Amino acid sequence: MENIFEFLRSHFEYVLIAGGLLFLIGAILDWKWISSATVGDKARHAFIFEVWGEKGYRVFIGICGLVLAICGLVFLVLR
């Protein structure tokens, strides 16, 4: 188990890329655990959800995932 954490600590770029792609794909495929961020309707009270609705919230989550993956790629290239 310690070897796994040591690998992830030294190669955090892959974690960023995988997490970003997970959120991007989840937003595209409308996975409920992505688009319904919290238990109940708390996500519906979020500012983005109130202003742009469910599709806007999904687009926001997708953009955040894309930015996260791009950050991971930049760190990977700069290494």
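Tutor: In this model, which is predicted, helix 1 and helix 2 are roughly perpendicular to each other, because an angle from 65 to 115 degrees counts as such.

Student: What describes two packed helices?

Tutor: Two packed helices are described by the angle between their axes together with the distance between those axes. Here helix 1, residues 2–10, and helix 2, residues 12–28, pack at about 85°, and their axes are 4 Å apart.

Student: Which residues of helix 1 meet which residues of helix 2?

Tutor: From helix 1, Leu-8, Arg-9 and Ser-10 meet Phe-12, Glu-13 and Val-15 of helix 2. Sorted by class, this contact of helix 1 with helix 2 comprises 3 nonpolar, 1 polar and 2 charged residues.

Student: Where is Asp-30 placed, and what is its phi?

Tutor: Asp-30 lies in the loop between helix 2 and helix 3, the latter spanning 32–35. The phi of Asp-30 is near 60°, which is a positive value in a residue other than glycine. With a relative accessible area of 25%, Asp-30 is partly exposed, since that class lies between the limits of 20% for buried and 50% for exposed.

Student: How is a pair of aromatic rings described?

Tutor: A pair of aromatic rings is described by the distance of the centres and the angle of the planes. The count here comes to 2 aromatic pairs. One of them is formed by Trp-31 and Trp-33, which are stacked, at 5.9 Å centre to centre and with 20° between the planes. Trp-31 itself, at 29% relative accessibility, counts as partly exposed.

Definitions and conventions:
Residues numbered from 1 in each chain as written. Predicted model: local features only at pLDDT ≥ 70, side-chain atom pairs only at ≥ 80, totals over all residues. Heavy atoms only, no water. Axes fitted to C-alpha atoms, helices over the stretch in contact; angles between N-to-C directions. Helix = DSSP H or I, 4+ residues; strand = E, 2+ residues; numbered from the N terminus. Parallel < 35°, antiparallel > 145°, perpendicular 65-115°, else oblique. Contact = heavy atoms within 4.5 Å. Nonpolar A, V, L, I, M, F, W, Y, C, P; charged D, E, K, R; others polar. Buried < 20%, exposed > 50% of the residue type's maximum accessible area, 1.4 Å probe, protein only. Phe/Tyr/Trp six-rings, centres within 6.5 Å; stacked < 30°, edge-to-face > 60°.
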